[in-house]
Every structure is written in structure tokens, then in C-alpha cells.
Amino acid sequence: MATFSATDFDNHEQVVFCNDAKTGLKAIIAIHNTHRGPALGGCRFWAYPNEDEALKDVLRLSRGMTYKAAMAQLNLGGGKSVIIGDAKKDKTPEMMIAFGKYIEHLNGLYITAEDVGTTTQDMGFIRQSTHHVVGLADTPGGSGDPSIFTGYGVYLGIKASVKHKFGEDSVKGLRIAVQGLGHVGMNLVERLSAEGAELVVTDINQDSVAYASSKFNAKAASPDSILATDCDLLAPCALGGGLHDQTIEKLRCKIVAGAANNQLAHPDHGEALRQLGILYAPDYVINAGGLINVTYEGPSYSRDKVINHVDKIYTTMLEIFETANKQNLATNIACDQIAEQRFHLNKQ
Ligand code: NAD
């Protein structure tokens with residue numbers, strides 16, 4: 001398995017392979033860039049088909065965290081970790097405690113948090129062996145569920161996109177398709193519905209679709225058809241990598257703005273969207289609300305301060321759109337360039 005020459009390596013500062021035979025822990029911690037501060041990023045527990053896929057995922061996610069922290073003006077770098085396994089079958093408290101010991105060895109260079117396949121309870125186990133963990137719900141100053149703030153930030157990013165594209169201050173009457181009704185997607189649907197958007201939704205979980213239909217008057221679409229839905233705005237809130245050569249040609253929307261990480265399979269797909277006249281809201285800017293929230297964790301945690309910080313997503317998004325327009329660039333490329341200036345990436 002190549003690491004330094006991996007496509008997604010992109011100047012990572014450090015990659016740690018963790019193996020604990022006693023608990024069966026097999027994990028990778030990737031630290032992309034710490035120029036702005038310690039690398040903060042969640043711990044994903046996932047049954048990767050092979051180790052190369054796990055490495056690729058952790059490198060891509062870790063890099064994204066560097067850009068996300070820079071664009072949210074946080075004094076943090078980018079990192080991420082993955083534990084290889086089936087979270088439902090393989091995860092044990094002992095394994096999470098063992099994982100915490102590896103984080104402790106990094107002396108604060110990496111701070112972990114919840115991600116897909118891990119819970120606030122798991123963060124509590126990790127906390128038994130290291131202080132370098134956030135997203136603890138049950139401690140004084142714990143910041144609780146980050147998805148509420150991610151949902152709020154995505155809603156603001158959608159409002160900024162609508163302002164830029166249509167000159168409108170409200171989503172009222174706009175047709176919005178939401179892919180994925182999980183923690184963030186359902187929160188978003190509630191906000192959009194309250195403002196009078198016409199919603200089309202999908203999820204592989206039919207109960208979630210039924211809930212959104214009855215509670216928020218959303219029309220149901222199949223997971224296969226959602227990307228081709230004729231709409232003003234598509235909000236991908238399921239998994240990443242959904243926008244690629246085959247799917248982009250099917251799109252019938254004017255804006256793509258949603259929560260999923262790494263929505264574009266390749267950065268060139270941002271240009272493909274631009275060529276079609278589709279405005280793309282860079283994912284790591286619009287979905288930064290949850291990250292912003294955990295950085296306020298501690299004895300002086302204040303929900304109002306978090307909200308004030310998340311509010312900035314609206315203006316940041318407008319600035320990115322204007323810069324991209326002026327420079328005749330795809331929004332994701334213009335955004336990458338702004339972020340790179342902020343963390344002084346030493347491109348080779
Ligand atoms: P989640 O696991 O709660 O929800 C994801 C939903 O997508 C689930 O309901 C799942 O059934 C559905 N889904 C999966 N594949 C699908 C498909 N092919 N078609 C339709 N639906 C599908 O996750 P979440 O916390 O809501 O996060 C959503 C996305 O936002 C993820 O990509 C995540 O990485 C990203 N994100 C989340 C946060 C956060 O605070 N939770 C922060 C930043 C980014």
C-alpha cells in the first residue's frame with residue numbers, strides 16, 4: 001500500500017497506522033496540515049472493502065478538514081481518523097480506549113470527534129485515555145449534537161446561493177430536492193419547509209421519507225431519480241462522491257448546495273457544473289457548522305457565540321461566488337485558492 005505516493009497524499013504532515021492486537025483495533029490517523037493549529041477531525045468507523053480504500057478515505061477527509069477550518073476562520077488544522085471494521089459488530093469500549101492511547105501519543109497534534117459510525121458515547125470511552133477529544137455530550141460544557149449547527153449552516157449557504165443566483169432573499173416557492181434525510185438532511189428539510197420551499201426528498205430509509213412527507217409536506221422521490229429532479233436547488237445530504245461524469249449530465253437543477261463531504265468525485269467536476277450554468281456551493285464551507293460548534297466546547301460554551309460564528313457562512317459563501325465570477329473560475333477552485341492562502345500550503 002503506497003502512502004507517500006498515494007494520489008490523495010497531498011503533502012500530509014503525518015500518517016499514523018494504529019494496530020492493537022488485544023482489542024482488534026486497526027486504525028489510521030491522518031494529519032494533513034497544522035499551520036493554523038492542531039488538526040481537528042472526526043473518527044469514522046467503517047467496513048472498508050480493503051486497506052487502500054481506508055487510506056484513501058482518511059487522506060481525502062483529512063485534507064478537507066484543513067480547508068474547512070481555514071474557511072471557517074478557525075485556529076485549527078486538518079486531520080481525520082478511520083477505524084476499519086463494522087461499527088455494529090466490531091466496536092467495543094476497549095477498542096475505543098485503545099484508540100485514545102494512540103491519540104494521546106500525538107500530544108495534542110490531533111483532536112478527534114464523532115463521525116460516521118461513532119457516537120458521543122464512543123468519545124466518552126476515548127476520553128478515558130486522552131483529553132484530545134471533543135463532541136462530549138454529557139460533560140459540563142459539552143457541545144452536544146453538531147448536526148443541528150451543520151443543518152443551520154447548510155440552510156444559510158442555501159440562502160446565499162439563492163441570493164447570488166436568483167437575487168432572492170427567501171427560499172419561499174422554490175423547488176428544492178434533498179438527497180438524504182439523516183441528522184442534517186431532516187434538520188434542513190424542517191428549516192426549508194418553515195420558509196415555504198416546495199420539497200422533493202429521498203432516502204434509502206423509507207421511514208425517513210414517510211416522516212418528511214407527513215410532517216413537512218415533502219414529495220417523495222426514489223433514490224435513483226433524485227439527481228435528475230427538475231428543481232431550483234439540489235441539496236446532497238447523503239454520502240460524498242455523488243457528482244461525477246455520469247450523474248452531472250442528468251442534473252436538472254440550477255444550484256447544488258448540500259451537506260455531504262466531498263460531493264465532487266474530482267475537482268474538475270466543479271468546472272463541469274459551471275459549464276452547465278449550475279452554481280456549486282463548496283461543501284467544506286457550507287457544512288462547517290458542526291466543526292464550528294465543537295470548537296466552542298468547554299466550560300464557557302455558549303450557543304449564541306456558536307450561532308454568531310455559523311452565521312458567517314452566509315457572507316463567506318457570497319464572497320466565494322463573487323471571487324469565482326471575477327476570476328472566471330469554478331467556485332470550488334476559487335474557494336480552494338482562498339483556503340490555501342490561509343493555511344500557507346507549500347505546493348510542490
Ligand atoms: P446520517 O448518516 O445521519 O444521514 C445520511 C442519510 O443518507 C441517511 O438517512 C441514509 O439512509 C441516507 N442515504 C445514504 N445513502 C443514500 C442514497 N444513496 N440515497 C438516499 N439517501 C441515502 O449523516 P448526517 O450526519 O446527516 O450527514 C450527512 C452528510 O453530511 C454526510 O456526508 C456527512 O459526512 C456530512 N456532514 C455531516 C455533518 C454533521 O454534523 N452531521 C457535518 C459535516 C458534514
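Trainee: By class, how many nonpolar residues does the shell around the ligand have?

Mentor: The model is predicted, with local features needing pLDDT of at least 70 and side-chain atom pairs counting only at pLDDT 80 or more, while totals for chains, interfaces and linings use all residues. Residues are numbered from 1 along each chain as its sequence is written, and side-chain values use heavy atoms, with hydrogens and water left out. The shell has seven polar and three charged residues (Asp, Glu, Lys and Arg being charged; Ala, Val, Leu, Ile, Met, Phe, Trp, Tyr, Cys and Pro nonpolar; the others, Gly among them, polar), and its nonpolar residues number nine.

Trainee: Which residue has a polar side-chain atom 2.6 Å from an oxygen atom of the ligand?

Mentor: Polar contacts here are pairs of N or O atoms within 3.5 Å. A polar side-chain atom of H183 lies 2.7 Å from a ligand oxygen atom, and a backbone N or O atom of A259 lies 3.3 Å from a ligand oxygen atom. The residue with the 2.6 Å value is D203.

Trainee: Which strands stand at the edges of the sheet, and why is one side of each left without a neighbour?

Mentor: Six strands (DSSP runs of E, at least two residues) form an open sheet with parallel pairing, in the order β9-β8-β7-β10-β11-β12; strands pair if DSSP finds at least two bridges between them. Within this sheet, β7 (residues 175-179) and β10 (residues 233-236) pair over four bridges, with V178 opposite A235 in β10. Each edge strand has a single partner strand, so one side of each lacks a neighbour in the sheet, and these strands are β9 (219-220) and β12 (279-280).

Terms used: A polar contact is a pair of N or O atoms within 3.5 Å; within protein, one must be able to donate a hydrogen and the other to accept it, and residues adjacent in sequence count only if both atoms are side-chain atoms.
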